[in-house]
Amino acid sequence: MRLLSIMLVSLASQAMPALAEQSSSTDCQNPALAKRELHLVFENDVFAEKLGLSKSDRWYTNGVKAIAKINHDEPPWWYSKSWEKLTQKDANQACMEFGITFGQMMYTPMDIKQSAPQINDRFWGGWLYVGTLLQSRPRLRDAAARGDLETFELDVGVVGPLSLAQQSQKTVHALIGAPTPAGWHNQLKSELAIQTTYSRAFTFKQAHNNLLGFDLAAHYGFGLGTLFNYANAGATIRIGNNLSGAPVGTIENPSLMAFEQPANRAYVLARVDAKASLHNTFIDGSLLRQAPHASNVRSKHLVLQATVGLVIESKSLAVHRFAFLFNRRSAEFNTPPGAASLQNFGTMLLEVDF
């Protein structure tokens, strides 16, 4: 807590100089923005258990993701052309930043100690993937400061035993002394998976004084692939100093964060998101292969999520951006006994240079 207090005081004292540094000139070729970045994201429902809100190791139980920004304003030509066709925008009129992704997501029923198939709960399953991510924002810095950010991600990976979710969970549980998961032999069968996600975030209201300010941002997007098919939309309010860019997000609700130069800022946020879901492989079963066992579970078509969190950024510390978000999600599926209960999980984000 003492370190956090020192960081917050330091950020507040530097808020005005940082605001003065902003200009209306183009910033795509700013050498300070051309650095390489590594974004690390960790999500787990153990955070909710530590807060005494719910038990861990159920449903969406763990997610990890790494995003490496490998160049600045020079995505591959084929990516730029694809972006132009998707958005009907000239790639030359935007700042584009390109990265590679690697991650794993893990889903289990509520009772991980039961070895028999659980026909009234979601499937056991994991998703291991690599991919690419492209973010685009207007060239003018004053437009970028309003948080207009588009994100497109394409991931390719595997579901089933090849995802290594079973080995990951059993290893971690053995190290921390948690119950051994007993039902991974019931997981979804191995298959190749392709997933795309698109999102846009933009700030439509902003106000600030000498130290504190607030902004309101909206977002919308969709997921299309063999795993998840959905459309989502929502809004975020932030309160803090030196607000600019787009708010951070979660793994399942991109975008994760803008590839932008770290500043000295701190803010709290609150977000609501509504997702219209058409298909979720980890609940409804695979689109490509037969389910591992019979299931009475069906996806709910509307899933709501509320998020609150704290974000701290610094230009001088080794970790340039730290965020912790707490997420509360409505029931994702129905069963004969009724809808599943709410789920709570936490998101931790770190950004460093490399």
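How many bridges pair strand 6 with strand 7, and in which sense, parallel or antiparallel? Strand 6 and strand 7 (residues 213-225) run antiparallel, with 13 bridges between them. Bear in mind that this is a predicted model. The protein has 354 residues, and 53% of them count as buried.

**The overall picture**
- Take the contacts between residues at least 6 apart in sequence: 74% of them join residues at least 24 apart.
- The protein exposes about 15700 Å², and carbon and sulfur atoms supply 63% of that area.

**Strands 6, 7 and 8**
- Within the pairing of strand 6 and strand 7, Phe-202 has Ala-218 of strand 7 as its bridge partner.
- Strand 7 also pairs with strand 8, again in the antiparallel sense, over eleven bridges.
- Strand 7 and strand 8 make a hairpin, with two residues between them.

- Three strands line up in the order 10-13-14 as an open sheet with antiparallel pairing.
- Strand 10 (298-299) and strand 14 (338-339) are the edge strands; each has a single partner strand, so one side of each has no neighbour in the sheet.
- Strand 13 (residues 333-335) and strand 14 are joined by two bridges, in the antiparallel sense.
- Asn-334 has Ala-339 of strand 14 as its bridge partner.

- As background, nonpolar side chains in soluble globular proteins tend to be buried together.
- The largest nonpolar core here has 24 residues, and the ones with the most contacts inside it are Met-105, Trp-127, Val-159, Leu-227, Val-248 and Phe-282.
- Two or more residues each come from strand 3 (94-108), strand 4 (125-138), strand 8, strand 9, strand 12 (319-329) and strand 15 (343-353).
- Another core, of six residues, lies apart from it; Trp-59, Val-297, Ala-331 and Phe-333 are among its members.
- Leaving out residues up to four places away in sequence, Leu-227 touches a set that includes Trp-127, Val-159, Ile-194 and Phe-282.

**Tyr-267**
- Tyr-267 sits in strand 9 and is buried, at 2% relative accessibility.
- Beyond residues up to four places away in sequence, Tyr-267 has contacts that include Arg-238, Leu-243, Val-248, Leu-310 and Glu-313.
- The C-alpha atoms of Tyr-267 and Phe-214 are 8.9 Å apart, although the two residues are 53 residues apart along the chain.

**Salt bridges**
- The count comes to nine salt bridges.
- Lys-65 and Glu-153 make one of them, at 2.6 Å from N to O.
- Lys-65 is in strand 2 and Glu-153 in strand 5, so this pair ties together parts 88 residues apart in sequence.
- Both ends of that pair are buried: Lys-65 has 6% relative accessibility, and Glu-153 has 3%.
- Arg-200 forms a salt bridge with Asp-148, with the closest N and O atoms 3.1 Å apart.
- That bridge spans 52 residues of chain, from Arg-200 in strand 6 to Asp-148 in the loop between helix 5 (141-145) and strand 5.
- Glu-313 forms a salt bridge with Arg-321, with the closest N and O atoms at 3.0 Å, and both residues are buried.
- Glu-313 and Arg-321 also belong to a salt-bridge network together with Arg-265 and Glu-351.

**Positive phi at non-glycine residues**
- Trp-59 has a positive phi of about 65° although it is not a glycine.
- Trp-59 belongs to strand 2 (residues 59-72) and is buried, with a relative accessible area of 4%.
- Asn-242, not a glycine either, has a positive phi of about 55°.
- Asn-242 lies in the loop between strand 8 (228-240) and strand 9 (265-280), and is buried at 5% relative accessible area.

- Leu-154, Val-156, Leu-192 and Ile-194 make a nonpolar surface patch of about 310 Å².
- Strand 5 (149-159) and strand 6 (191-208) each supply at least two residues of the patch.
- Val-156, from strand 5, counts as partly exposed, with 37% relative accessibility.

Definitions and conventions. Residues numbered from 1 in each chain as written. Predicted model: local features only at pLDDT ≥ 70, side-chain atom pairs only at ≥ 80, totals over all residues. Heavy atoms only, no water. Patch = residues over 30% accessible without salt bridge, like charges linked within 9 Å, V, L, I, M, F, W, Y side chains within 5 Å. Areas by Shrake-Rupley, 256 points an atom, 1.4 Å probe, with all protein chains shown as cover. Salt bridge = Lys/Arg side-chain N within 4 Å of Asp/Glu carboxyl O. Helix = DSSP H or I, 4+ residues; strand = E, 2+ residues; numbered from the N terminus. Buried < 20%, exposed > 50% of the residue type's maximum accessible area, 1.4 Å probe, protein only. Pairing = 2+ DSSP bridges. Core = buried A, V, L, I, M, F, W, Y, C linked by side-chain atoms within 4.5 Å. Contact = heavy atoms within 4.5 Å.
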